[in-house]
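Morning. Please look at the display first.

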Amino acid sequence: MILDTAKYLGSCACGRDHKLRTKLVVCEYGALAKFDDYMRDAGLSGYRTVIYDTNTYHLPGMVHVRADQEIVLQAQGLHSEKGLIEDCMKRFERKPDYVVVVGGGTLMDFGRYSAWKLGIPFVAIPTIVSSDGFTADICSIIIDGQKKSIPMQAADAVICDIGIVAGAPRFLTIAGVQDIMAKCVSIADWKIASLVSGEYFCPRVCDMAQEALELMTKCACDLKAGKEPDIETMAYTQMLSGLTMQILSNSRAASGAEHLVAHLVEMKPRGFENAHGLHGECVGVGTLLVAQAYHKLAERESIEVKPFTPIDEEWVRWEFGDLADGILKENVNDVLASFPPENIKAHWQEIRDIIAQIPSYEELLELYTVIGAKHSLEELGIDPAVKDSFLDISSAIRNRLTLARMTRLMALE
């Protein structure tokens, strides 16, 4: 399967002219055997640096593409942190004409950042389908202890060999299922934000995210029924979701309130000190918590609102400790101050209708339990005591308008 990225380009009903850096996306068996042909198709030539970690380098069946320099990073302890990425760049023997990265989401951030810093193309070779970052241009890295999602550089080509990714452990595949199924919340958050604040909304991009969600939901239901995983379709949904981020130059269509669990697991505020888990696993648990909270809110036939007040500094310092200064800086220009709170009340029935499209907590829990997905805070090493304050804690770490963040404007007592 070669994904036709051209159909998403050009003038759109949203008023924008959409562009994509990624021109070639291949998801097929044996793709790496034709890697050099695909590089010619993508117009890439010259000195090639290929980056692996110790796990991906020694994967059974891995096809090692031609390299002028190979860099193999120690997989243990590897994470998306600015200092680690810049240390990797110091190992470059010379400035490559392009860099190839072989691995999962963490390693892709090494490629995006390096390519952006050096002003060169990069090519992604996924070894798992556990997240949707392969076609994205968002680099999610830790800077000064705080998780930041920063627009950087998308891959010029993504070559996904289904024979390689199909050999990944089942739990990694399941994490990918959870990452895409989380779009049921992120799409809802985007629609609600546009409704109450007038935030930019693109139907074409939303349809792309919805297509990825529906295809992955079918894959998940097939798994629940005992069928073998449809890896090719799963890979396609990951690539499609990543393209939505590249078109928007942000993760709006792919990341809402549910994704913030993953950020908290890496940031480790109070209650998250022992937290761990794959990105998709964390997002899956976040989807459950947010779905439960949103449906609970939607039980209200009407809502009362209150005036905007800045986030409470004392509360932030209590919850986030050493991270507090970064959280307070994130909330200086609070998006909640950008629209009248009365808009929430005026559009409440429409908001309830949008929430109704999110699967219930019970539906998601049953599905995740049957397919062997993580589904509780305890499984991620998170103190279950944070559950009652989860929406407040998570929505504070990113100044993005979600329904979870809007609860600060609601009179819920």
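The sulfur of Cys-282 lies 16 Å from the closest cysteine sulfur, which belongs to Cys-184, and that is too far for a bond. Cys-282 is also buried, at 1% relative accessibility; buried means under 20% relative accessible area, exposed over 50%, and partly exposed in between, with a 1.4 Å probe and protein chains only.

Before going on: this is a predicted model, where local features need pLDDT of at least 70 and side-chain atom pairs count only at pLDDT 80 or more, while totals for chains, interfaces and linings use all residues. Residues are numbered from 1 along each chain as its sequence is written, and side-chain values use heavy atoms, with hydrogens and water left out.

Back to sulfur. For Cys-219, the closest cysteine sulfur is in Cys-221, 9.5 Å away, again too far for a bond. Cys-219 is buried, with a relative accessible area of 5%. Searching the whole structure gives zero disulfides, a disulfide being a pair of cysteine sulfur atoms within 2.5 Å.

Next, the chain overall. It has 18 helices and 11 strands; these are DSSP runs, helices being H or I of at least four residues and strands E of at least two, numbered from the N terminus. The radius of gyration is 21 Å, close to the 22 Å that the globule rule gives for 413 residues, so the chain is as compact as a globular protein of that length. That radius is taken over C-alpha atoms, and the rule is 2.2 Å times the number of residues to the power 0.38. Of the 413 residues, 56% are buried.

Now the packing. The largest nonpolar core has 122 residues, and Ile-344 and Met-406 are among those with the most contacts inside it. Such a core is a set of buried Ala, Val, Leu, Ile, Met, Phe, Trp, Tyr and Cys residues joined through side-chain atoms within 4.5 Å. Beyond its neighbours within four places in sequence, Ile-344 is in contact (heavy atoms within 4.5 Å) with residues including Val-196, Phe-339, Met-406 and Met-410. A second, separate core has 20 residues, including Leu-32 and Ile-164.

Seven strands form an open sheet in the order 1-4-11-8-7-5-6, with mixed pairing; two strands pair if DSSP finds at least two bridges between them. Strand 1 (2–3) and strand 6 (69–73) are the edges, each pairing on one side only. Strand 5 (residues 48–53) and strand 7 (residues 98–103) run parallel, joined by four bridges. Val-50 has Val-100 in strand 7 as its bridge partner.
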